[in-house]
Amino acid sequence: MRLRHTPFRLSDPAEALLCSLVGTAVLRAGNNPGGTGGGGASVDYFEGFESGAFSTDWTVESSPEIYIDTVQDRVYAGTYGLAITENNTGLDPCILAPSALSNGVQLDYVEFYYLGKSASNGCGFRVMDAAGNEVCGFASSNSAWEVHDGNGWHRFNGAPDGNQGTNGTWTRVKFIFDWANGTFDLEVFLDDGGSDGLGGTETGLPMIASANIRDFRVTSFGTTSRGWNPEEPFDNSVDNIRLYKA
Ligand SMILES: [Ca+2]
């Protein structure tokens, strides 16, 4: 295993190990189960793909133009990661909808790590609510960082056109939700300790929809149209997805 910058480690190594081994949810008791309003059961769902297969929490598209699998040669942590290579098929070929979110939950945060391969275009990640509306989104666009919020699309931290982010380096993305204000903070850092200065945090971004969260999607982003459009082939990986509510 490669050495990694300390702030990116999971806070509880024992729990992280357990989750990576079983690849499933750890649910804790809480009041108001179902996730209505500001309450809802606690959720600590971790997907590290360490079973070497997709759990039943996933809906994964199968078509000749797409390759999606758990693989051992693109791994952020453990033995397996998810690889997805798409060539102009539809949106949302990978949907993670665990039963812990079946009625929608006001999560504290959604965190994941992705890897953009060299010459890879247009891979995105969407957080969706129980009504099927997008709450927020992030895309890696060869290799710029694009953010989708209630005001539309913008380049992360206002960076100019041109490369931002680094293909071939794992990147951590974290949406942190403020349900009282209908906003979220977004942290994006390369997994090299952020020493190159490309990463950072945007705060107080408006949610698009602000209903409770139901699923997490790995999807298509069109670099030319700059939106959720399957116009670009892409070649990306994802690992260590965490859905959390205290
Ligand atoms: Ca893994």
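Predicted model: local features only at pLDDT ≥ 70, side-chain atom pairs only at ≥ 80, totals over all residues.

Tutor: Residues are numbered from 1 along each chain as its sequence is written.

Student: Why is E187 called partly exposed?
Tutor: A residue is buried if 20 or more other C-beta atoms, placed from the backbone, lie within 10 Å of its own, exposed if 12 or fewer, and partly exposed in between. E187 has 17 such atoms within 10 Å, and is therefore partly exposed.

Student: Which residues is E187 in contact with, leaving aside its neighbours within four places in sequence?
Tutor: They are K174 and T201, where contact requires C-beta atoms, placed from the backbone, within 7 Å. E187 itself lies in strand β13 (residues 183-190), strands being DSSP runs of E with at least two residues, numbered from the N terminus.

Student: What makes β9 and β10 a pair of strands?
Tutor: Pairing needs at least two bridges found by DSSP, and five bridges join strand β9 (residues 134-141) to β10, the two running antiparallel. In this pairing A139 stands opposite E146.

Student: How do you know that β10 pairs with β11?
Tutor: Four bridges join β10 to strand β11 (residues 152-155), again antiparallel, and E146 stands opposite R155 there.

Student: Why is strand β10 described as largely enclosed?
Tutor: Five of the six residues in β10 (residues 144-149) are buried, so the strand is largely enclosed by the rest of the structure.

Conventions
Contact = placed C-beta atoms within 7 Å.
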